Amino acid sequence: LEPVKIGMITTLSTKAGYLGEEIRDGFQLAIDQEGGKLGGISVELLVDDDGRKPEKAKQIADRFIKRDKVKILTGIVFSNVAIAVVPKVVRQDVIYVSANAGPSLLAGKGCHKNYFNVAYQNDNIDEVVGKYVNDSGFKKVYLLAPNYPAGKDHLNGFKRYYQGDITGEVYTKLGQSDYAAEIAALRAAGPDAVYFFLPGGMGINFLKQYAQAGLNQTIPVFGPAFSFDERLLQAVKDAALGVKNGSQWSHDLDNPANRQFVAAFRQTYGRTPTLYASQGYDAARLLGSALKQVNGDVSDLGALREAIRKADFDTVRGKFAFSANQHPIQDIYIREVVKAADGTYTNRTVKAVFKDHSNVYVEQCKMK
Amino acid sequence: MLLFIEQLLNGLQLGIMLFLMSAGLTLVFGIMQVINLAHGSFYMIGAYVGATVAARTGSFLLGLLAALPASALAGMLVEALVLRRLYKKEHLDQVLATFGLIMFFNELTRILWGRQPLFMDVPPWLSGSVEIIPGVPYPSYRIAVISVGIIVAVLLYLLFTRTRLGMQIRAGASNREMAAALGVNIRLLYTLVFGLGTLLAGLAGVMAGPILAVEAGMGESVLILTFVVIVIGGIGSIRGALVGALLVGMVDTLGRAFLPTLLRTVFSAAYADGVAASLASMSVYILMAVILVWRPRGLLPGAN
Amino acid sequence: MQIPLARFPNRRTIIVAAAALLLLALPPIAQMIDEVYLVTLFSRILIYALAAVSLDLMLGLGGMVSLGHAAFFGIGAYVVCISSFHSLENLPFLTWPIVVGGSENGLVVWPAAVAISAVAAAVVGALSLRTTGMHFIMITLAFAQMLYYFFVSLEAYGGDDGISLFARNTFPGLDLASDVQFYYLCLGALAVFLFFSFRLAAARFGMVVKGCRENERRMKSLGFPTFRYRLVCFVIAGAGAGLAGALIANQTEYVSPGLMHWTRSGEILVMVLLGGMGTLFGPVLGAMALLLAEEILSIYTEHWMVYLGPFLVFVVLFAKRGIYGWIAGGNSTHG
Amino acid sequence: MAKPLLTVDSLVKHFGAVTASDGFSMEIAEGELHALIGPNGAGKTTALNQLCGELLPDGGRIFFNGKEITRRSIHRRARLGLARSYQITSIFERLTVRENLSLAIQAHNGHSFRFWRKAVDDPVIRPAIGPAMERVGLEERAEIPASHLSHGEKRQLEVGMALVGQPKLLLLDEPYAGMGPGGAVELTKLIRRLKTEVTILLVEHDMGAVFSLADRITVLVYGKAIASGTPQAIRNDPEVRQAYLGNEGNRCFA
Amino acid sequence: MLCVEHIETFYGKSQALFGVDLCIREGEVVTLLGRNGMGKSTTVRSIMGLTPIRSGRIAFGKKEIHRLPSYAIARSGIGLVPEGRQIFPNLTVRENMTATATNRLNVPVPYTLETVLALFPRLADRLNHLGNQLSGGEQQMLAVVRALMTNPRLLILDEATEGLAPLIRKEIWQGMATLKANGHAILVIDKNLDALMNLADRHCIMENGRVVWRGTTDELAADEGLKSRYLGV
Ligand SMILES: Nc1ncnc2c1ncn2[C@@H]1O[C@H](COP(=O)(O)OP(=O)(O)OP(=O)(O)O)[C@@H](O)[C@H]1O
Ligand SMILES: Nc1ncnc2c1ncn2[C@@H]1O[C@H](COP(=O)(O)OP(=O)(O)OP(=O)(O)O)[C@@H](O)[C@H]1O
Ligand SMILES: [Mg+2]
Ligand SMILES: [Mg+2]
């Protein structure tokens with residue numbers, strides 16, 4: 001039997017290249033553990049770098065579908081790339097399983113029966129922090145995000161569960177490096193907590209400068225997991241210590257699948273996996289479970305879809321099910337950045353804030 | 001009022017930091033007239049080498065000491081292998097070649113150092129803060145950056161206007177052939193000056209390391225800003241670069257800090273914030289466009 | 001320019017003819033060897049080639065180095081996507097004094113895309129052409145970056161996330177949803193624009209623009225109002241980029257501000273230089289070489305840039321006047 | 001004396017502390033060859049620059065053919081019939097000699113917003129190009145890029161381009177510079193022929209040429225016209241002798 | 001002192017010099033004459049290493065210099081006043097003079113800023129102007145001064161009096177005479193035949209990249225046909 005081809009379009013170059021690397025490594029690990037198979041079916045993983053450019057990603061998708069006759073795609077890191085690629089490919093009778101990006105458009109109005117998200121809906125990660133900050137009794141929060149729609153979406157996610165005052169809501173330039181002005185204004189506003197969504201290098205810059213201004217001692221910072229994954233933390237170190245952040249996964253979650261995954265990942269790649277790696281791994285295992293049910297036959301798309309929707313696999317998150325718009329229903333946690341015994345920086349799970357949490361876009365989704 | 005002064009200081013600080021970054025480019029681009037898009041790569045090399053050595057040895061100073069020769073050597077190597085053959089060709093050939101170099105260096109760092117950002121910390125002896133203005137603690141490290149920037153400015157100014165070496169470099173920039181025919185070893189001189197330029201880029205990289213993310217591709221975001229600074233100031237003059245840098249630093253900082261408040265007096269809060277954020281993102285470019293429309297050669301153009 | 005077309009079958013004509021034949025025959029060949037994705041890949045290449053040729057018109061011919069050309073490319077693309085968005089949502093752009101609604105008809109939208117890019121180019125050009133040299137490069141960059149940040153924060157049309165085109169534009173007599181028909185449309189557009197550019201370069205107008213490139217001061221003292229000629233050249237180039245943008249929006253069925261980022265302008269510039277500046281046909285080869293190299297290298301190695309970078313350097317050092325100059329040999333510029 | 005074609009009325013131009021034109025006035029009559037001479041740095045090129053519009057004067061006025069042109073743009077002055085050649089060669093280096101000249105022809109034949117017909121086939125340019133090349137003696141170099149010409153040949157092209165448009169007033173800034181002795185003789189012949197067709201303002205340090213060609217001479221010193229008159233009068237003017245000529249005028253022509 | 005033996009020089013593919021021979025002895029003034037485009041400046045450029053020769057040999061003193069880079073040739077003691085001035089436009093007058101000034105051969109009475117300014121007082125009040133702000137003639141003076149201040153043993157003047165007022169031109173010729181008297185060798189290209197006849201010892205006439213005639217001033221003066229044949233006067 002021919003191996004089932006899976007196309008992975010992901011970002012390996014540019015500053016964000018490590019995100020794609022994590023997803024790919026997690027996915028690959030699942031395949032390697034079965035000796036080149038998923039769910040007992042041999043698979044072939046095709047990986048290509050989209051350079052974070054939507055049209056390039058589309059080009060790759062086109063090649064995967066037309067040339068390699070791929071029926072299953074995955075791997076896109078960024079929401080805008082996903083928005084560009086996914087609607088077109090799912091209409092071409094291809095299954096897309098998102099291992100990271102979960103834009104609201106694809107969860108709501110743009111949902112599709114061939115589109116599955118195994119990671120999260122973007123807002124989830126902010127909602128959990130909003131709830132936690134709210135429940136912990138902070139009354140005045142200062143918000144910070146880049147000036148683009150995703151920035152506003154993420155802050156809205158936070159505000160959905162946070163009921164206190166907002167002393168400031170600042171939108172910074174996309175890709176900004178110096179935050180001295182924002183930090184000065186923030187200090188003057190005198191909030192009792194700060195929530196920021198600044199992905200990638202912007203977050204590193206902010207955290208470092210925030211700590212250098214001495215504010216991390218006085219005003220606690222909260223953020224989504226994106227600025228606190230285990231690889232970024234090695235670049236921020238002390239400046240992030242003690243920061244609470246929201247995530248659907250952490251390497252110390254206590255379930256057998258996770259223990260096994262973290263150990264295997266560390267052994268293979270010599271580093272602690274990040275949430276992206278866990279998502280890649282879960283995506284692979286999810287597909288494995290489905291391939292097993294259809295016996296490696298991807299020609300019957302309906303059957304394959306059904307099999308995926310069952311989500312009959314041991315997720316590293318402990319519990320996992322698909323909601324009506326085919327996004328995860330899962331527990332979401334607050335983690336804290338700590339220094340591990342070996343001197344590296346990592347996250348420790350504080351508590352599960354949401355149990356079996358879905359997303360607000362389910363209502364908008366009229367699945368066809 | 002205190003906040004305003006603090007923001008002015010922040011603007012000054014950003015300006016000087018930008019100057020530090022543009023200083024090397026002023027040499028290479030403003031004076032030697034070589035368009036080196038890969039300048040940001042040397043900034044990155046400086047930061048990576050600095051961060052690596054600092055992490056191994058635990059000493060920021062050792063990191064600095066390693067980064068400077070590393071970026072200078074890398075620069076001289078590139079000059080000798082590639083750019084030297086391009087002085088006589090058109091500027092655009094330099095653009096193409098150095099664009100290729102950016103790709104190469106970015107990917108090379110990814111191969112050598114991996115894809116994730118590196119860590120670099122403020123040295124302990126600069127980690128405190130000082131109250132220059134009572135009530136406004138200011139990070140000592142940033143004051144160190146300002147000082148280094150000013151020292152570099154003064155030294156460069158002296159080098160170019162007061163020494164024969166500086167004159168010969170400028171002479172070579174306008175007419176290599178004549179400079180050679182009058183006995184200047186222009187080839188060696190250019191290699192050295194290029195090395196000095198990349199050394200300054202490396203210096204800026206190391207200095208930025210503790211404040212900014214050290215990651216592959218960090219050079220490009222700085223690169224455009226430094227080009228903006230130089231063009232606003234006027235190509236070919238160190239003074240211009242300094243003025244341009246301060247102006248950009250001020251406009252950027254003050255725009256971010258006070259535009260929302262200002263616009264709120266006219267528009268509704270949400271709308272004002274949106275507009276202010278967009279305007280603040282564009283402020284530097286608006287500034288550049290206005291200045292160039294008003295003075296097509298920049299504020300203090302060097303002679304040419 | 002008068003020389004290459006006059007002496008008939010020389011190396012240059014052979015190259016152009018060979019490339020034209022190859023491009024014409026590509027879809028059936030792709031069908032035959034079962035690599036139909038090549039058709040979409042090459043339509044993308046053709047579109048970028050069109051953008052690169054338009055840049056070469058002002059760069060090679062007029063000596064105006066712009067690092068903001070992608071702005072017009074992006075505007076063209078946005079016109080298509082926004083217009084289709086309005087048409088789908090049934091939202092008019094304007095209700096007063098006349099009602100202007102969206103459209104999905106290529107015959108309406110594309111001329112609009114070209115016109116709007118041309119207007120934008122006229123404004124940017126009028127302000128930028130006061131400067132020269134490096135300053136010109138930077139001021140065009142500044143305007144492009146302004147537009148970039150403008151679209152990044154333009155929430156109504158998706159901001160940084162971009163905006164999707166629900167379906168390709170309609171076009172009488174053609175079904176653009178068919179990749180092959182779309183491909184031929186792109187090929188046609190490129191061919192027409194190239195031919196127009198060749199004529200333009202050899203015509204009086206082209207001569208004047210070349211003169212301005214060489215020595216603007218002298219042109220003035222000869223009695224030419226140089227600003228006007230350079231501005232018109234800038235506008236034509238911007239309009240060409242706008243057309244390319246309208247096509248790319250249809251090809252990708254999506255547009256985002258990333259299309260206008262300076263790195264994109266840089267890539268288009270690199271295509272021109274790689275192919276051979278001032279040759280008009282060279283940029284087509286340049287676009288082909290750069291995009292194919294990216295595509296092929298990235299299949300074999302994830303570190304493809306480590307190879308592509310030195311390749312560009314190599315071209316600069318050893319291929320005089322880009323790829324076209326290299327294979328066509330001799331004096332292959334048009335000026 | 002014929003009616004003045006060009007009237008310059010007390011031009012003033014400062015460059016910082018330097019006053020390059022200091023109330024400079026003169027008149028050029030239609031049809032004459034007027035020479036402007038003076039020591040180095042006297043302000044001759046600056047005066048020409050103001051006449052052709054590359055510099056705007058700080059004070060004073062310029063009339064050409066009865067119209068005030070003090071603040072008109074360069075290309076509009078050129079259209080009125082003012083042409084110049086540059087002291088420092090200023091040609092289109094990467095274009096061929098033919099293209100250089102054809103641009104000069106285009107300039108004087110309507111607008112060039114013609115996008116389709118090839119310039120070489122243009123009915124206006126085609127017939128004019130041959131004679132133009134002949135006139136400057138560069139027929140054999142027609143297809144050579146101007147950058148490949150020798151210094152002297154470039155000078156010939158430089159002057160040639162100014163002549164092509166059949167201007168009313170031709171401003172020649174040191175056309176003899178770089179001409180070999182033979183070339184100088186040729187150029188003198190050329191200018192003598194031109195004299196019959198066009199009014200010329202000649203700036204030149206070659207006194208042989210000036211005294212043999214000029215109808216009238218104005219002497220400029222420190223931005224002021226100190227003398228103006230026939231060659232004979234100028235040659236004998238003691239002030240001019242002291243400031244500029246030394247005894248050269250005598251040696252050549254006495 | 002300078003010996004040019006059968007050099008051939010190309011611009012790209014086109015040959016400009018076809019075996020030029022030329023010799024200048026200590027303290028001698030030699031001219032290169034010829035119509036426009038005959039290869040005079042190319043010869044100079046070849047000597048200076050600006051356009052390297054394809055074959056032949058150039059020796060200066062005891063050293064072979066044709067394989068040296070330009071700066072080394074200049075340092076061995078040759079000063080150049082190039083055609084078309086070529087001063088540094090972005091340097092001030094003072095900087096133009098001092099940037100390359102030396103006395104590397106330890107001339108006992110070197111040209112210094114003071115001495116040359118005395119020679120050209122016009123430049124003295126322009127010291128802080130930029131090169132490109134000078135008038136044509138002032139630039140030409142500067143080019144001469146710049147070469148003098150490298151204190152060369154051999155001075156090459158390529159159309160050095162172009163654009164100079166008669167009085168200044170005379171000064172320059174006088175200056176050359178002084179140099180010659182001090183034992184400097186000079187290679188001149190100039191169109192001012194009268195002045196050259198007074199100054200020079202020997203002459204070479206070039207045509208189409210070859211030296212077609214050489215001889216002393218007296219021989220040149222004697223042969224009127226020569227001038228009309230090769231120089232067109
Ligand atoms: N842009 C400028 N800035 C400052 N000074 C200038 C500028 N242009 C000219 N000058 C000065 O003005 C004076 C007049 O210069 P101009 O070029 O008109 O002289 P000229 O009479 O043409 O001399 P020459 O015979 O040497 O060519 C000179 O002393 C020159 O240094
Ligand atoms: N850069 C160049 N590229 C190609 N050919 C050149 C170049 N410079 C000069 N030539 C050619 O070389 C030949 C000799 O030129 P050169 O400049 O040596 O003449 P010259 O005797 O100095 O003339 P002139 O008196 O006009 O200065 C000429 O035919 C000229 O066209
Ligand atoms: Mg003059
Ligand atoms: Mg010469």
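**Before starting.** I keep in mind that this is a predicted model.

**Chain C, fold.** Laid along its principal axes, the C-alpha trace of chain C spans about 55 × 55 × 40 Å.

How much of chain C counts as buried? I get 68% of its 335 residues. I also looked at sequence separation: among contacts in chain C with a separation of 6 or more, 76% are between residues 24 or more positions apart.

**Chain C, charges.** I counted 18 positive and 17 negative side chains in chain C. The centres of the two sets lie 26 Å apart.

**Who touches whom.** Seven pairs of chains are in contact, and I wanted to know which pair shares the most contacts. That turns out to be chains C and D. I then noted two pairs without any contact. Chains C and E are one of them, with their closest C-alpha atoms 12 Å apart. Chains A and D are another, and there the closest C-alpha atoms lie 35 Å apart.

**Met134(C).** I picked this residue in helix α6 (residues 133-152) of chain C. Is Met134(C) buried or exposed? Its relative accessible area is 12%, and the cut-off for buried is under 20%, so Met134(C) counts as buried. Leaving out residues up to four places away in sequence, I find Met134(C) touching Phe29(B), Ile35(B), Phe227(B) and Ile235(B). I also took one distance within chain C: Gly211(C) is 77 residues from Met134(C) in sequence and 19 Å away in space, C-alpha to C-alpha.

**Magnesium site.** What coordinates the magnesium ion (ligand 4)? I see Ser41(E) through OG and Glu83(E) through OE, at 1.9 to 2.2 Å. The two residues are 42 apart and link distant parts of the chain: Ser41(E) sits in helix α1 (residues 40-48) of chain E, while Glu83(E) is in the loop between β6 (78-81) and α3 (93-98). I checked burial here too, and both Ser41(E) and Glu83(E) are buried.

Terms used: Residues are numbered from 1 along each chain as its sequence is written. Chains are lettered from A and ligands numbered from 1 in the order in which they are written. This is a predicted model: local features need pLDDT of at least 70, side-chain atom pairs count only at pLDDT 80 or more; totals for chains, interfaces and linings use all residues. Side-chain values use heavy atoms; hydrogens and water are left out. Buried means under 20% relative accessible area, exposed over 50%, partly exposed in between (1.4 Å probe, protein chains only). Contact means heavy atoms within 4.5 Å. Lys and Arg count as positive and Asp and Glu as negative; His and the chain ends are not counted. The place of a charge is taken as NZ of Lys, CZ of Arg, CG of Asp or CD of Glu. Donors are N, O and S atoms within 2.8 Å of the metal (3.2 Å for Na, K and Ca); water is not among the atoms, so sites may look incomplete. Helices (H or I, at least four residues) and strands (E, at least two) are DSSP runs, numbered from the N terminus.
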